[in-house]
Amino acid sequence: MHGLKTIVETGQGNFECATRGLLKSLATELQHVVVAGDHVMIRPEDGRQGMIVRVEPRRSVISRTSRGRRQILVSNVDQALIVCSAAKPALKPNLIDRYLIATEQTDIQPIVLINKIDLVDAAELQPLIGVWSAMGYIVQMVSAETGQGIERLKQLVAGKDSVVTGQSGVGKSSLLNVIDPELQLRTSHVSQDSEKGRHTTTSAVLVPIPGGGHIVDTPGIRQFQLWDVAREELEGCFRDIRPFINGCRYPDCSHRHETECAVKDAVADGMIDVRRYESYTGMYEETHRGT
Ligand SMILES: Nc1nc2c(ncn2[C@@H]2O[C@H](COP(=O)(O)OP(=O)(O)OP(=O)(O)O)[C@@H](O)[C@H]2O)c(=O)[nH]1
Ligand SMILES: [Mg+2]
Ligand SMILES: [Zn+2]
């Protein structure tokens, strides 16, 4: 999106499109009618120009709350690449849990990438990774430095639309750069633009990658905290805790101080990983009550 113009990728190349007036009238100050990732129908006009006449229903959205209102940043994303590093900065398993929990209520497939695997003994991470794998999460060890795991990463992103998230310094740009050496140039280009005060609502770009698919690039999304999960919904977002919650004595059990709690029993019996349980209680303290 560039102001009033939207670049639409089609089977016959890119078209620079305006948006039909009727659609535009539905826009608000915060919300564009068309967002990056949308599937649209266009009417070609002269040359490579066109008019967006219809926006298809969105499969999934990534949004943030701005000035008290939900703003959609990008739609129809298939997967979120949750990038962390094995060291420098140190691995933070509870932070990974946070990202995983946030994707749980969406149609977005999370993929955990543990980068900088060259800096540690990979075998030591196996028990930790095994806990996530047992719940069905994809966790891939990679190194942008040595190339370890990069072929697998390329397979994971091919043909899919992925957003990338993770703390500063974990190697997101480095990984994108090995997926596509051209991507880095374009990444820095977008950042420079936004420094000049480009309106943040228009800055999401889907960058095509080799083998098909896109990486969603916006500085905002690279730091996104993902979505808020209401306190009542938290237990259900933990794939390992969810099976036990019906066994608790109290229907509103928070699984912390209550007696006759099936979740705490499961932790004591080794059915739920202790670190995951602590991750749950930590998040519980911080989440807000829903409305
Ligand atoms: N040893 C090692 N260093 C790496 C690896 N990947 C990235 N680095 C280094 O880690 C540092 C940070 O990498 P970046 O790619 O800039 O990290 P980033 O996640 O994009 O950081 P922000 O843009 O600040 O969010 C750089 O000095 C990289 O050279 C890796 O696999 N192994
Ligand atoms: Mg970066
Ligand atoms: Zn309980």
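Modeller: Happy to! Two residues are in contact here if their C-beta atoms, placed from the backbone, lie within 7 Å. Please keep in mind that this is a predicted model. Let us look at helix H4 (150–157).

Start on its inward side, where Leu153, Leu156 and Val157 are buried. These residues span an arc of only 90 degrees around the axis, so they sit on the same side of H4. An α-helix has 3.6 residues a turn, so residues three or four places apart point the same way. Turn to the other side of H4 and you find Glu151 and Gln155, which are exposed. As for the cover over the buried residues of H4, it includes strand E8 (109–115), strand E9, strand E10 (161–165) and helix H5 (172–179).

Now step back to the residue that leads into the helix. Glycine 149 belongs to the loop between strand E9 (138–141) and helix H4. Glycine 149 counts as buried because 20 other C-beta atoms lie within 10 Å, and 20 or more is what that label requires. Leaving aside residues up to four places away in sequence, glycine 149 touches Ile117, Gln140, Met141, Val142 and Ser143. Asparagine 115 is 34 residues from glycine 149 along the chain, yet their C-alpha atoms are separated by 9.2 Å.

Past the other end, H4 is followed by glycine 159, which has a positive phi near 75 degrees. Lysine 116 also has a positive phi, near 60 degrees, and this one is a residue other than glycine. Most residues other than glycine have a negative phi. Lysine 116 lies in the loop between E8 and helix H3 (122–134), and it is buried because it has 23 C-beta neighbours inside 10 Å.

Two of the elements around H4 lead on to other features. Helix H5, part of that cover, gives the most to the shell around ligand 1, with three residues. In total 16 residues surround ligand 1, and the closest are Glu145, Ser168, Gly171, Ser173 and Ser174. The shell divides into three nonpolar, eight polar and five charged residues. Strand E8, also part of the cover, spans 109–115. Leu113 is among the residues with the most contacts inside the largest nonpolar core, together with Val74 and Ile82. That core has 55 residues and draws at least three from each of domain 2 (75–222) and domain 3 (232–286).

Note on methods
Residues numbered from 1 in each chain as written. Chains lettered and ligands numbered in written order. Predicted model: local features only at pLDDT ≥ 70, side-chain atom pairs only at ≥ 80, totals over all residues. Core = buried A, V, L, I, M, F, W, Y, C linked by C-beta atoms within 7 Å. Buried ≥ 20, exposed ≤ 12 C-beta atoms within 10 Å, placed from the backbone. Domains from an automatic or database assignment. Helix = DSSP H or I, 4+ residues; strand = E, 2+ residues; numbered from the N terminus. Arc of directions from axis to C-beta. Near = placed C-beta within 6 Å. Nonpolar A, V, L, I, M, F, W, Y, C, P; charged D, E, K, R; others polar.
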